[in-house]
Amino acid sequence: MRRIINCLLIGLCLLNPFVLEAQEGDCNGFMSLFEAGEYKETITVLLDCKKDKGLNEETKKKIDFYLYLSYGLLEDYANFNAAAFEDLIRDDVVRNDENILSAYIVLSRFHTDNLNYDKAIELNEELLSLAKQYISLESDNYTRVLNNLASLYSDAGNYLKAVELGQQALSIRKQVFGENHPDYAKTLNNLAGYYSSLGDYSKAIELGQQASNICKHTLGENHPNCILSLDNLAYYYFLNDDYSKAIEFKE
């Protein structure tokens, strides 16, 4: 599942793929490995490339960028230097690389895994700003960035901000997919969770009920997403002290 971070799959590629100078040997071969999701093989090639004493500073930075990106995609944090990688993604040499948005996602995930939500949010705010420059604000790819940032704010306890971003994502998905689509239902579920965390259980129930109905019509009531949606709805009723409804949706 690590491959999902690759820009070609998440639709967050820019227009400037990294190509080394021709005179620098066989290092160009790593890019085909990287795009194929062969990150261990990519690392092997790049480590060999780094042995070349004749590399210029620009090429060294680009090699390090893909080296750390590959380590991050593998979640090989023993070899992943987060501080060095953060310096690289802000360097003009790699700033316009096609995988720069993916790099922000990888670095944010590292900080999220380490429960450093403030840093993860900072990086995702930068990612959101970059995404506005390169992808349509009315595309589903943009909603993915919004949903990720909303989730981080929720994890950090800022539920109002999570609701704000979740509402933006819901509005875009309504335009992209319409209201009778599993991805729209998924965003409704996310938003219901944020309202529940705020203590607005009536709103959570309203959104959760919408999500559950859409899920049943589009995926079938036995689909795992639908079962999870019903479980969430039962929980919201329980929090709202409506125990009979909670039992009804749990059965």
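A salt bridge is a side-chain nitrogen of Lys or Arg within 4 Å of a carboxyl oxygen of Asp or Glu. Keep that in mind as we look around this structure, which is a predicted model.

Let's start with K161 and E164, whose closest N and O atoms are 3.4 Å apart, so the pair counts as a salt bridge. Both residues sit in helix 9 (residues 159-177), and they are three residues apart, about one turn of the helix.

D183 is partly exposed, with a relative accessible area of 21%, and K186 is partly exposed with 43%.

Now for E86 and K119. They form a salt bridge with the closest N and O atoms 2.7 Å apart. E86 lies in helix 5 and K119 in helix 7 (residues 117-134), so this pair ties together parts that are 33 residues apart in sequence. What about their surroundings? Both E86 and K119 are buried.

| Pair | N to O distance |
|---|---|
| E86 and K119 | 2.7 Å |
| K161 and E164 | 3.4 Å |

How many salt bridges turn up in a search of the whole structure? The count is 17.

**How helix 5 packs against helix 4**

Helix 5, where E86 lies, also packs against another helix. Two packed helices can be described by the angle between their axes and the distance between those axes. For helix 4 (residues 57-73) and helix 5 (residues 82-89), the angle is about 130 degrees and the axes are 10 Å apart. That angle makes helix 4 oblique to helix 5. Helix 4 also passes helix 5 in a left-handed crossing.

Which residues do the meeting? On the helix 4 side they are K61, D64, F65, Y68 and L69, while helix 5 brings A84, F85, L88 and I89. Sorted by class, this contact has seven nonpolar residues, two charged ones and no polar ones.

Definitions and conventions. Residues are numbered from 1 along each chain as its sequence is written. This is a predicted model: local features need pLDDT of at least 70, side-chain atom pairs count only at pLDDT 80 or more; totals for chains, interfaces and linings use all residues. Side-chain values use heavy atoms; hydrogens and water are left out. Axes are lines fitted to C-alpha atoms, for helices over the stretch in contact, and angles run from 0 to 180 degrees between N-to-C directions. Helices (H or I, at least four residues) and strands (E, at least two) are DSSP runs, numbered from the N terminus. Angles under 35 degrees count as roughly parallel, over 145 as roughly antiparallel, 65 to 115 as roughly perpendicular and the rest as oblique. A crossing is left-handed if the near helix is turned anticlockwise from the far one by less than a right angle, and right-handed if clockwise. Contact means heavy atoms within 4.5 Å. Ala, Val, Leu, Ile, Met, Phe, Trp, Tyr, Cys and Pro count as nonpolar, Asp, Glu, Lys and Arg as charged, and the others, Gly among them, as polar. Buried means under 20% relative accessible area, exposed over 50%, partly exposed in between (1.4 Å probe, protein chains only).
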